[in-house]
Structures are given as C-alpha cells and as structure tokens.
Amino acid sequence: MSYLAYPEPRYHGDRGEVNAAFRPADTPPDVSSPGGATHYLATHESTGGEFGLYKAELGPRSAGAKTHFHKAISESFYILSGELELYNGEKWVTGRPGDFLYVPVGGLHAFKNVTDEPMSMLLLFSPGAPREEYFEQVAEMSRRGGEELKEFRVRHDSYFEEDFEAGA
C-alpha cells in the first residue's frame, strides 16, 4: 500500500510552542453591511499565507457574487445555516447546512441567497490571500463601478466576464 508523503517540516524546534489563536463565537463581525456580515476567523496574516477562513452571513435576498473565477486561489463554501444558491460552473445547486462546494483555481462559481431567511457559511481560500481589503471595500467599489471596480477586482484575483466583454 502506498501513502502520500507529508510536507517537509517547517517547524524545527524540539518542543512545541504556545502560539494558538482562539476567537470566541461572540466576537463581533469584522465587516458589517445591510446585506450581511463577515467574520475574519483566520487571515492571510494570521496563517502566514497558508489559508484564509471567513464566516460570511448573508441577509434575505442577498445578491452574493456574480459568476467569476480566481487565478491564484481556490475557494470553498461550507453552509452553516439557511440555504444558498451556488453556481458550480455548470448549474445552480441549493446548498443547505452541512453541504460543501470546492472550487479549484480557475473554476467558475457564483452564489446568492434567494430565500426570505438569512444564511451563514464558511469561506476557505487557499493559499491564503489578503481578502480583508476586498471584504471591506467591495460594496463601495461596486457602487462606484466602471474601470475602478474592474481594477479592484483584478487586484483581488476576482475575474468577472462582464469586466472583459467587448468595450468594457
């Protein structure tokens, strides 16, 4: 029987360190808007770029994100509560608590809450990218639109077809 090898060690001490980070469940969200909230559970900075983990809460009838892809990061969705429509590159599927969608680098995806109830999910980005600025500014940049929005999206590894259509 063949087993996959573990990565090379990155910690070379003889004894472990006290370096864990605990975030209580009642910690307020890091970003709040009328359409929802985002909690920074593990950021690019806190994981040394290994991954980014965020809890996202979407209010009823929240638009979410239109179809896009990433060139540098994968994105995963794990539904905690409520329902979320997820586009897997081929079709829309309804995600319910416990459902999981993994989108490899380059994979088309989108999501939206079409219900009258709020929902929450975990978002995992790998490797970890500095997504915090994206979450903090996407609403404002979307309001501005145009070339400024396109440049913001590209800077944050988010490629939308509408940004590259003829004349856009």
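**View 1. The accessible surface of the chain comes to about 10,700 Å².** Carbon and sulfur atoms hold 54% of that surface. Areas come from the Shrake-Rupley method with a 1.4 Å probe, and for residues only the protein chains shown count as cover. The model is predicted: local features need pLDDT of at least 70, side-chain atom pairs count only at pLDDT 80 or more, and totals for chains, interfaces and linings use all residues. Residues are numbered from 1 along each chain as its sequence is written, and side-chain values use heavy atoms, with hydrogens and water left out.

**View 2. The chain has two helices and 11 strands.** From the N terminus, the order is β-β-β-β-β-β-β-β-β-β-α-α-β. Helices (H or I, at least four residues) and strands (E, at least two) are DSSP runs, numbered from the N terminus. The C-alpha trace spans about 55 × 35 × 35 Å along its principal axes. Of the 168 residues, 36% are buried. Buried means under 20% relative accessible area, exposed over 50%, and partly exposed in between (1.4 Å probe, protein chains only).

**View 3. Y78, L80, F100 and Y102 form a nonpolar surface patch of about 410 Å².** Patch residues have over 30% relative accessible area and no salt bridge; like charges are joined within 9 Å, nonpolar side chains (Val, Leu, Ile, Met, Phe, Trp, Tyr) within 5 Å. A salt bridge is a side-chain nitrogen of Lys or Arg within 4 Å of a carboxyl oxygen of Asp or Glu. Strands β5 (74-81) and β8 (100-103) each supply at least two residues of the patch. L80 is found in β5. With a relative accessible area of 34%, L80 is partly exposed.

**View 4. I79 is a buried residue of strand β5.** Its relative accessible area is 0%. I79 touches L84, L86, G95, R96, P97, G98, D99, M119, S120 and M121, not counting residues up to four places away in sequence. Contact means heavy atoms within 4.5 Å. The C-alpha atoms of I79 and F111 are separated by 12 Å, and the two residues are 32 apart along the chain.

View 5. R61 sits in the loop between β3 (52-58) and β4 (65-69). At 55% relative accessibility, R61 is exposed. D157 lies in the loop between α2 (146-155) and β11 (159-160). At 11%, D157 is buried.

**View 6. The peptide bond from S126 to P127 is cis.** Its omega is near -10°. P127 is in the loop between β10 (119-126) and α1 (132-144).
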